[in-house]
Amino acid sequence: MIPLSSTQTRLPVDRSPGKLHPRRISVGARVGLTVILVLAALPMLDVPIPILLPGQLSSSGSLLILSIGLVFAGVAISFDVVFGYTGLLSAGHALVFALGIYATNLLMHAGLGYFSAAALAIALSGLVNTALGAIALRVKAVAFTMVTLAFGEAFYILLLVDPAGIFGGEEGLPVAFEQIPDLLASARDVRWLYWLSLAFAVVAYLLAWMATRSRCGQVWQAIRENEDRVESLGLFSYSYKLVAYAFGGVIAAAGGAVYLLVARGANPSSASVHFSLALIVMVVLGGRGRIWGAAIGGLIYGILTLRLPELSTSGVLDGLPEWASRTVSEPLVVLGFLFILIVLFFPDGIVGLVDRANSRLRTMRPRSMNENTLILPPDEPIGVDEIRTKH
Amino acid sequence: MTTLIVLTATSLGLAGLYFLLSSGLSLIFGLMDVLNVAHAAIFGLGGYAAWVVMDRFDLIDSLAARFAVATVVAVIFGCVLGYFVERTLIARNYGDHLTQILITLGLAFVMEGLIGGIFSYSPQSIAQPAWFTDVTVILGGRIPNSRILIFGISALVLVSLLFFMKKSKYGLIIRAGVENRRMVQALGIDVARSFTFVFVLGAALACLGGALGAVYFTGITPALGPNLLIFAFIVVIIGGLGSIGGTAIAAALVAFTQQIVNFYVSTGLGDIAVVGLLAAVLLLRPQGLLGRVASA
Amino acid sequence: MSAGDAALSVRDLQVHRGEAHVLEGVSFEVRPRRVTALLGRNGAGKTTTLMTILGLLEGSGSIRLYGEEILGVPTHHLVRRGIGYVPEDREVFGTLTVAENLRLAARTPEATQRLDLVHELFPDLLRRSAQRAGALSGGQQQMVAIARAILNPNRLLLIDEPSKGLAPIVVGQVVEALAKAASATTILLVDQNIRVAQRLATDAIVLDHGAVVFTGSMEDLAADADLTQRYLGVAPSSRDSNTIGKGSAR
């Protein structure tokens with residue numbers, strides 16, 4: 001049986017070297033900066049987005065939804081490093097995310113201010129996650145997936161059962177309100193919360209971007225494609241895998257610290273197997289092995305999960321029988337169905353679709369070549385053309 | 001003493017359910033190397049199939065007879081579903097394990113969502129014949145008859161399966177295929193056909209388990225199946241891939257550990273205990289009790 | 001010998017395993033009712049060749065069985081056309097009994113009668129019918145593997161390293177059994193042990209780095225010390241080759 005981590009996945013290998021052509025960097029960065037600025041400006045816009053958001057962009061309802069989407073985007077990015085880039089199918093990534101939430105909350109309840117609590121919580125969660133990873137990575141492929149599943153499930157049960165009485169059990173633990181900085185504490189003015197979520201997503205993106213561009217990142221992808229080959233080159237794949245696992249864990253824990261404020265509490269569902277599996281869906285949906293793909297996947301998943309149930313009450317589906325409209329607005333059905341479609345027909349996810357559309361657009365563009373014509377490189381820092389490896 | 005009797009009876013009932021849930025998964029995983037993430041969701045679907053019959057099938061007055069029909073309907077449903085899933089989704093990806101896991105994952109999501117959409121997320125309790133809830137006193141312990149029935153049916157299935165695997169040519173092919181699929185091909189036998197058979201069998205067993213599970217658990221929800229997924233994995237891994245006997249022993253082991261620790265130590269810790277058992281087995285003795293190694 | 005006479009005709013067989021180009025255009029023919037030895041060092045491509053003939057590996061080129069093109073035919077179909085396979089490392093089903101191993105292999109109506117033949121050849125197996133194959137010794141497992149292959153009236157037997165890992169006395173027994181099996185069918189035999197090859201084979205093909213470097217009679221090969229040294233790394237001894245299969249303890 002072919003071990004999972006060395007399945008020939010036919011994924012495009014993210015092969016951009018650390019040094020890029022200067023013109024390319026600036027275009028990619030320019031696009032990125034624009035996106036960030038636009039996103040940052042959203043709370044100022046009194047624009048309604050029908051169906052997708054409950055009210056105007058600037059309304060607290062919409063901003064909260066976007067915040068959740070952004071946190072999911074960042075956590076999905078962290079999982080993409082583990083699964084999309086390194087090929088480790090962990091079914092327990094929610095564990096470290098929940099650790100971030102609960103640890104931050106507990107430390108705040110113990111008296112620490114939010115940012116100190118968050119920093120300490122991220123460090124502690126990262127450590128625990130790395131220790132668990134060190135154990136889980138001793139086995140490979142399906143066994144690894146199941147061990148991570150087991151760990152995740154054990155933690156979830158621990159939170160529910162709450163033997164020490166500190167986690168709040170099934171109801172969860174409300175956030176320690178007094179320890180939240182004023183700007184972030186208001187339930188009505190959530191702009192700063194939104195910007196915090198945005199900051200997290202951006203930082204997650206940048207960190208992942210740098211890590212995957214590094215030599216370490218190249219090894220990660222090599223491990224995903226053919227672990228035996230990496231070993232035969234004299235590299236100790238275990239260490240690299242552990243680094244990927246730890247790296248993803250730290251970012252996810254940070255996401256947890258932010259999510260604590262957005263959700264205004266810690267809830268066991270954040271540690272559920274369901275959420276771990278949802279992360280897989282996010283990454284595959286958006287596009288494995290591409291950072292912005294994972295981000296898109298997380299964003300879409302967050303928005304769909306929160307907004308789809310509204311569809312049945314919005315009147316759009318009134319023509320359908322009760323059970324049908326309930327089913328269509330059921331996020332699990334829609335996302336699961338999309339997921340299957342993607343896996344079967346568009347394994348590169350949304351990123352793949354965009355790339356395909358992009359290259360088709362470019363071949364259609366008229367080729368009037370003279371020295372003054374600027375040939376613009378593609379939108380992403382990674383050139384589509386140079387990616388397809390021979391498999 | 002009586003508590004021990006009742007505990008034993010409940011554990012045996014639960015063990016029966018775990019066996020029905022996991023035996024199919026063990027064969028599927030053992031023979032096809034497919035980690036069917038949707039397997040527990042199929043179990044849940046079986047429960048709902050039985051519930052629908054009990055709820056809507058007014059033609060039959062006697063609840064007991066209706067339940068018999070419900071069980072049969074659940075099994076048939078499982079066969080059809082299993083066939084459909086295997087032929088359309090699994091068969092096109094033989095050998096690509098990652099894709100198979102992802103597809104079954106998506107399927108699990110869709111199934112859970114479909115049930116939730118059609119039947120709502122609130123727990124439904126299944127109508128039971130009076131006899132089920134009646135209690136038989138055994139050695140001083142008051143045991144609900146349903147537990148005895150579940151155990152009885154599971155034991156019957158176990159014996160039939162063992163007999164089938166040992167005596168029939170198909171069982172021979174499956175046993176050999178679990179051990180060395182390629183060599184079976186090299187003997188001129190088309191293993192792909194047994195894939196479909198095993199998948200259908202697994203789905204049928206899961207649905208039977210689901211129908212009985214609807215009785216065992218007080219209320220069924222769309223999450224019931226998926227919640228049991230980890231226990232199915234635990235039983236399969238501890239019991240060893242492809243081993244019916246191993247699955248039975250593991251099912252009993254897991255059920256008893258869970259019930260005893262939950263009861264005598266603290267609720268929920270039993271679940272953690274068996275989950276810990278899974279991790280321990282994977283890390284220390286990957287081939288489980290009687291079967292094949294779970295990785296590569 | 002014209003192409004039509006060949007039991008097996010391989011033309012320009014190319015096989016890649018991962019990134020390695022294992023077979024780089026292998027061509028040879030196997031004459032019917034003979035034992036042809038496929039020789040070469042470790043990694044030369046011998047097992048790859050057998051597995052590709054059987055359809056367990058993908059390759060390009062042409063493979064004809066008695067004139068029928070078989071490259072690309074799925075393994076189980078191929079086998080049903082009359083190919084028996086004794087894999088390297090035997091690969092008997094350890095969890096099944098000896099009898100079950102044979103029962104699994106029986107796919108033709110003739111198999112039931114041939115079972116008696118098999119038991120004659122391997123009386124040991126008859127005694128151990130109910131034993132789990134995994135509990136047998138290496139030599140006994142080899143007997144099971146060979147028995148499986150000759151249980152059906154196969155037109156071609158592909159035998160991979162039957163002497164591997166076996167004590168010299170046991171090797172003798174295996175060779176005896178193969179010699180008797182060879183009388184009725186065509187065999188393509190791979191073995192590292194050149195003496196086994198000498199004892200059983202009339203024709204020889206030598207592979208080196210995925211290409212054929214010699215085809216001809218076994219005798220000629222054995223006589224050419226230079227060839228055998230260069231491609232097989234061993235010098236055959238005409239004296240020793242006669243002691244294999246004769247006078248070995250039973």
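# Reading a predicted three-chain model

Chain A of this predicted model has a mean pLDDT of 83, and 85% of its residues reach 70 or more.

User: Where in chain A does pLDDT stay under 50?

Analyst: Over residues 1-10 and over residues 369-391. The model has 32 contacts beyond four places in sequence for residues 1-10, and 29 such contacts for residues 369-391.

User: What makes Ala204(B) a buried residue?

Analyst: A residue is buried if 20 or more other C-beta atoms lie within 10 Å of its own. Ala204(B) has 24 within 10 Å, so Ala204(B) is buried. Ala204(B) is found in helix H9 (residues 191-216) of chain B.

User: How do you know which residues Ala204(B) touches?

Analyst: Two residues are in contact if their C-beta atoms, placed from the backbone, lie within 7 Å. Leaving out residues up to four places away in sequence, Val75(B), Gly78(B), Cys79(B) and Gly82(B) are touched by Ala204(B). Gly82(B) is 122 residues from Ala204(B) along the chain, and their C-alpha atoms are separated by 7.4 Å. The 7.4 Å is a C-alpha separation, whereas contact is judged on C-beta atoms.

User: Why is H6(C) called mostly covered?

Analyst: In H6(C), 11 of the 13 residues are buried. Among them are Met143(C), Val144(C), Ile146(C) and Arg148(C). The buried residues pack against strands S6 (83-86) and S7 (156-160) of chain C, and against helices H3 (98-105), H4 (111-121), H5 (123-127) and H7 (168-182) of chain C.

User: What makes up the contact of chain B with chain A?

Analyst: Chain B gives 39 residues and chain A gives 42. On the side of chain B that touches chain A, helices H4 (97-119), H10 (224-239) and H12 (269-284) each supply at least two residues. The largest share, 17 residues, comes from H4(B). That side of chain B divides into 24 nonpolar, 11 polar and 4 charged residues.

User: Which residues of chain B does UniProt list as "transmembrane region"?

Analyst: The unreviewed entry lists several spans, including 64-85 and 263-284. In the model, residues 64-85 of chain B are 100% helix and 0% strand, with end C-alpha atoms 31 Å apart. Residues 263-284 of chain B are 82% helix and 0% strand, with end C-alpha atoms 28 Å apart.

Technical notes
Residues are numbered from 1 along each chain as its sequence is written. Chains are lettered from A and ligands numbered from 1 in the order in which they are written. This is a predicted model: local features need pLDDT of at least 70, side-chain atom pairs count only at pLDDT 80 or more; totals for chains, interfaces and linings use all residues. pLDDT is the predictor's confidence in each residue, from 0 to 100. Helices (H or I, at least four residues) and strands (E, at least two) are DSSP runs, numbered from the N terminus. Ala, Val, Leu, Ile, Met, Phe, Trp, Tyr, Cys and Pro count as nonpolar, Asp, Glu, Lys and Arg as charged, and the others, Gly among them, as polar. UniProt positions are given in the numbering used here, feature names are shortened, and annotations may be inferred rather than shown by experiment. A residue is buried if 20 or more other C-beta atoms lie within 10 Å of its own, exposed if 12 or fewer, and partly exposed in between; C-beta atoms are placed from the backbone.
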